[in-house]
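Reader: Please take a close look at one part of this model for me. I would like to hear about the side-chain contacts inside it.

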Amino acid sequence: MQVTERCRLSDDPLELVLDLGQQPLGNGFMDSINQAEFRYTLQCGFAPTSKLFQLISQPEPELMFHGKYAFMSETSEHMSSHFEQMFTHVVGRKVLSADSFVVEIGSNDGILLKHFAAHQIPHLGVEPAEYVANIAKNKGIRVLNKFFSKEIAAQIHEDYGAADVVLAANVLCHIPSILDLASGIKTMLKADGILIFEDPYLGDVIRLGSYDQIYDEHVFLFSALSVTEIFKRVGMELIDVSHQTTHGGSMRYTLARTGAYSPNPSVSALISSELALGLDDARTFMVFSDRVKESGKKLRQTLEDLRSAGKRVAAYGATSKSTTIYNFAGIGADLISVIYDNSPTKIGRYSPGVHIPIVSESEFASDAPDVTFLAAWNHQQEILGKHQRYGIDGGRWITHVPQVRFL
Ligand code: TYD
C-alpha cells in the first residue's frame, strides 16, 4: 500500500477532499466469494499548486495489473472504432512510414497498435498484464511485457531509437510516479516527436457527478491545468486538446517539447473553462463530495424501493467503476441480483467487495429483469441500441449520471 499525504508531483501537503470509504480493487473480480479480499480506504486529495486531483492511498501496482488482470479493451465496438479513429488522427497529425517508430504505453490487447501493425509502422507496446499482452502478441503486435518506467524508456530508446509518437490511452492516470513517467516519455521522443494521450477528464467527473471514475487504478484524474504542471517540469507543453466521449468523458492531450510547435488555441480555451469550473480550487471538490454522498444515498434508496415493490433489479456491465458505487453506497446482491457482461474474464465470477454474480450478457434478453442499473453508462448508446426490445417490453434502465434517474 502506498499512502501519501503529499502531492506526488509538487510534494505539497494534500488537502483531503473526498472519502469513498473502504473499497476492494476496482477490477478485483473473484472466482469464489470465500476468497480473502484486499481492502483499502479510498480517499482523494487535491494539491493547489500542481492542481493534481489524486488518491491518497493506492494499492501496489502488482496487486492491480497482474497476469489475470480482467480488463480488456476489445469488449466494446465503440472502443474499437474509437481507437481506429485515434489511429487516423495520429497519422493525420504526423506522417508515419516504415522508418518511423511508435510506442504505446499500456497497449492492453492491442486495440490501437493493431492499426499501426497493419500499416507496417514499426511499433512497440509496453504492457505489464501478461494475459492481455499475449492477446496482442497473438495479433502480431510487438509487446514488451513490463511496467513502463524511466529505466524501461531508456532501454527502449537504446534498443529501438527515438520515437516519433508516444501514445497512451487510459494509462497515464494509473501511474503514480508521474514525474519519472514524464521524463521517461521525453527521453524516448525525437526532437519533433509528440506524445498523445487520453484519460478520463476531471472536468467531466465534476460536471456529471461520475464519482465512479475514482478507484484504485486511477491514481490521478487529470485536467489541462494539471497536465501543464506535470510536463512543464520536463520541458514539454500542451499543443492541442480534444474532448472525447469515451469512458464517460475523456480528454485527448497532445504534447511536445516546449517551443517545438505553436499550441492550438484549444489549449488556452480549455484552461479558461477549467478555471471557470474551479478545477484549481479545493473547495470545488468539497462541494462535489456532498453531491457524491447524496447520489450514493439516492441510488441505494431507489433500489430498496424497487425491491420493496417486488421488482427484480440487475445491472449491466461489470465495470471497475461500479465497484466504487456498490461499495460506497452499500449495494450488494440483495439489491442487484446479477450483473450482465460480455467479458470472458468476468463471466462466472463475482463483483469485488459486494459479490454480485456476473453472467453472460447473452442471457439478458431471455432473463430480462424489471429494472437494469446501467453500470456501463459510458456505453449507453451501444448497450441500449442492442437491447431496444427490452424497453419496448417494459424493462427500465436506471443510471446515476448526472443524477440518479430512470432513462
Ligand atoms: P469499461 O467501459 O471498460 O469500464 P471500466 O473501465 O469502469 O471497467 O467497462 C465496460 C464493461 O461493460 C466491460 O466489462 C464490458 C461490458 N460491456 C458489455 O457487457 N456489453 C457491452 O455491450 C459493452 C459495450 C460493454
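Author: What follows covers the nonpolar core, the aromatic pairs and the salt bridges.

This is a predicted model, where local features need pLDDT of at least 70, side-chain atom pairs count only at pLDDT 80 or more, and totals for chains, interfaces and linings use all residues. Residues are numbered from 1 along each chain as its sequence is written, and side-chain values use heavy atoms, with hydrogens and water left out.

Start with the core. A nonpolar core is a set of buried Ala, Val, Leu, Ile, Met, Phe, Trp, Tyr and Cys residues joined through side-chain atoms within 4.5 Å. Buried means under 20% relative accessible area, exposed over 50%, and partly exposed in between (1.4 Å probe, protein chains only). The largest nonpolar core has 90 residues. F197, I214, F222, F231, Y253 and Y326 touch the most other members. Helix α10 (residues 282–308) gives the largest share of this core, seven residues. Helices (H or I, at least four residues) and strands (E, at least two) are DSSP runs, numbered from the N terminus.

Next, the aromatic rings. Rings of Phe, Tyr and Trp (its six-membered ring) pair if their centres lie within 6.5 Å; planes under 30 degrees apart count as stacked, over 60 as edge-to-face and the rest as tilted. The whole structure has 18 aromatic pairs. Y316 and Y340 make a tilted pair, with ring centres 6.3 Å apart and planes at 35°. Y316 sits in strand β14 (residues 313–316) and Y340 in strand β15 (residues 339–341), 24 residues apart. Both Y316 and Y340 are buried. Y326 and F373 pair edge-to-face, at 6.2 Å centre to centre and 65° between the planes. Here helix α11 (residues 320–329) supplies Y326, and strand β17 (residues 371–373) supplies F373. Y326 and F373 are buried too. F197, F220, F222, F231 and Y253 form one aromatic cluster.

Now the charges. A salt bridge is a side-chain nitrogen of Lys or Arg within 4 Å of a carboxyl oxygen of Asp or Glu. The structure holds 15 of these salt bridges. One joins D31 to R349, with the closest N and O atoms 2.9 Å apart. That pair links parts of the chain 318 residues apart. D31 is partly exposed at 42% relative accessibility, whereas R349 is buried at 14%. Another salt bridge joins K386 and E361 (3.0 Å, N to O). K386 lies in helix α12 (residues 380–386) and E361 in the loop between β16 and β17, so the pair ties together parts 25 residues apart in sequence.
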